[in-house]
Amino acid sequence: MKFVFGLEVLIAFTFGASLFAQSHNDWESVGGDRAGTRYSTLDQINGENVGQLQVAWQYQTGELVNGKGSTIECTPLIVDGVMYITTAKRRVVALDAASGKVIWEFDPLSYGPLAGPLASGGVNRGAAFWVDPKNSSVRRVFHGTSDGRLYCLDAVTGKLDLNFGTNGAKDLREDLDRDVTKLPYGPTSAPAILDDMVILGFSNGEGPDIAAPGDVRAFDARTGVQRWSFRTVPKPGEFGNETWEEGSWENRGGANAWGGCSVDVKRGLVFAGLGSAAFDLYGGDRKGDNLFANCVVAIDGKTGQRRWHFQTLRHDVWDYDLPVYPNLITIVRDGKPIDAVAQVTKTGFVYVFDRETGQPLFDIEERAVPISDISGESTARTQPIPRKPPPFSVQGMDERNVTDIGEENRKGVLEQLAKLRHGEAFIPPSLEGSVVLPGFHGGANWSGASFDPTHSILYLNATNEPIVFALAATPPGSRYPFNHRGYNKLLDHEGYPAIKPPWGTLNAIDLAKGEIIWQVPLGEFSELTARGVPQTGTPNFGGTIVTRGGLVFVGGTKDEMFRAFDKASGKVLWQAQLPAGGYATPATYMADGKQFVVIAAGGAGKLGTKAGDSFVAFSLPNGPAPNSLEREK
């Protein structure tokens, strides 16, 4: 595919690139910009020289113990030559972005013991950077931790701002209308910034135990005082309460923006993709559509009131959270720019909406889906499915797409499949077990997507890995009549996904036309390649970024590689072996006249590879290359 730098591209570039705040040299938020586009105008590293990339520096956190540790999911922030990272143990470290040398460190445990149980295993995907609109010399780093605190640090010194919260930290369990002292509750994704507010989504329990509320909340950046809270499970008299039958809204958990938020600075709007309601695999006690679970929501940034919403999935029983903030993008149709919202999903679809009104930009049909026969359950008979773009992940599993990597592999899977419910997508959990594809890791996950405004193309990595959801009756007196029998992957006898490859893909989707431009395998099992199996891709965690230099960078794969792809064709142009899996989204920036690309290599996590404790930065060996804007023409 050849990109043409014509009038529509010029319009898209002008509108899209304008979202990139502060300096083009920086990566000012985990999404690159407040809108979460993950696009960089830098092109010193480009398709012609990317093969020369080499390690520029490596910073090790020192947190491994006997080779063991937790995964690192942080995307670094880089502002004015300083990099801000969060570690597996939730420390904040400021580094010289050109050399990787430590400037300062902050350990939340120096403030005091944990505020409560850790949410989602204690992961952290990064911090937020704020410049006071009234005094540009006041610069702060906000760090939300999974035990339920929000810290405010001086960006220059790393010291707590004692005017914020209580001695520099806000207890996030305050201001709630019920006691969550003993419940997992806290942000795991980075805060968002709008004017003088810090906006947080939260991770909490998913059941079957009682879970904390999933409300999106905003705090004063100077004081920590709560400014507003958007209730994701509405009370009586509030919009959407009728979608919770028989008073099932009360004390309901989940429906949370655990993937964070994106911000339209110009309109003053906050956007979030919300997760499933607790308990997320059985909804017999929450009959109805369950707003605002599984919704894209636009929230007025001044008041916290709903501006618009769209529910992508009704009455979720598959753990199909919207796992990441929406991308705020500008696409071009008929020569006119349209500000839009793109939400990627675990179900393998991209929903695209007009940013102002919430109207879908592609038709959405009501598609009949299987219904549950579990006693007391009442699943939705239809689900809203976009006609365009087509799904980027496999929809459902039957005998036709069982693995073909070997005769024994296929035979063993067919034997398993015969004992399970299987076939189309959206088969509800059952007593004998239901094959669900896409699985609870997607499709898309918190890895999210990046967007190239010069061509209206969305880039995202995805997983094709079937899972089995089975329910079992509980003893009398239990909170729920049914519990689930685990989050179980459907694997062959060698431990590979039971479906025909590819198991991991990188996708380029034209959001102006609603078409998939290309789809290629992402990742490799070298032992399968050695025995003649074509590249399979691997399950993956950690997202993409895209640059004006014609490149898509992504790690995330189980083979622990970091790769650069040609954004026009999907061809691999460069790859490097990381010291551990790069299960995080990278960032790119300029420092001392050189462009760098950096990624966390923490390994471990859900893919179960060896643990690491590194942030690795790459650059070209011989300084700046000529400006390469011509290649976009």
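Predicted model: local features only at pLDDT ≥ 70, side-chain atom pairs only at ≥ 80, totals over all residues.
Serine 372 is placed in the loop that runs between strands β24 (364–368) and β25 (382–386), and its relative accessible area of 16% falls under the 20% limit, so the residue counts as buried. When residues up to four places away in sequence are set aside, serine 372 touches Glu377, Thr379, Pro428 and Pro429.

The largest nonpolar core comprises 39 residues, of which Trp57, Met83, Phe553, Trp574 and Tyr589 touch the most other members. Strand β40, covering residues 594–604, gives the most to this core, contributing 6 residues. For methionine 83, the contacts beyond four places in sequence are with Trp57, Pro76, Leu77, Ile78, Val93, Ala94, Leu95, Ala97, Tyr589 and Val598.

A search of the whole structure for disulfides returns 0. Cysteine 74 accordingly takes part in no disulfide, and the nearest cysteine sulfur, which belongs to cysteine 261, is 18 Å away; cysteine 74 is also buried, with a relative accessibility of 0%. For cysteine 261, the closest cysteine sulfur is that of cysteine 295, and because the two sulfur atoms are 14 Å apart, whereas a disulfide requires them within 2.5 Å, the distance is too far for a bond. Cysteine 261 is likewise buried, its relative accessible area being 11%.

Methods
Residues numbered from 1 in each chain as written. Heavy atoms only, no water. Core = buried A, V, L, I, M, F, W, Y, C linked by side-chain atoms within 4.5 Å. Buried < 20%, exposed > 50% of the residue type's maximum accessible area, 1.4 Å probe, protein only. Helix = DSSP H or I, 4+ residues; strand = E, 2+ residues; numbered from the N terminus. Contact = heavy atoms within 4.5 Å.
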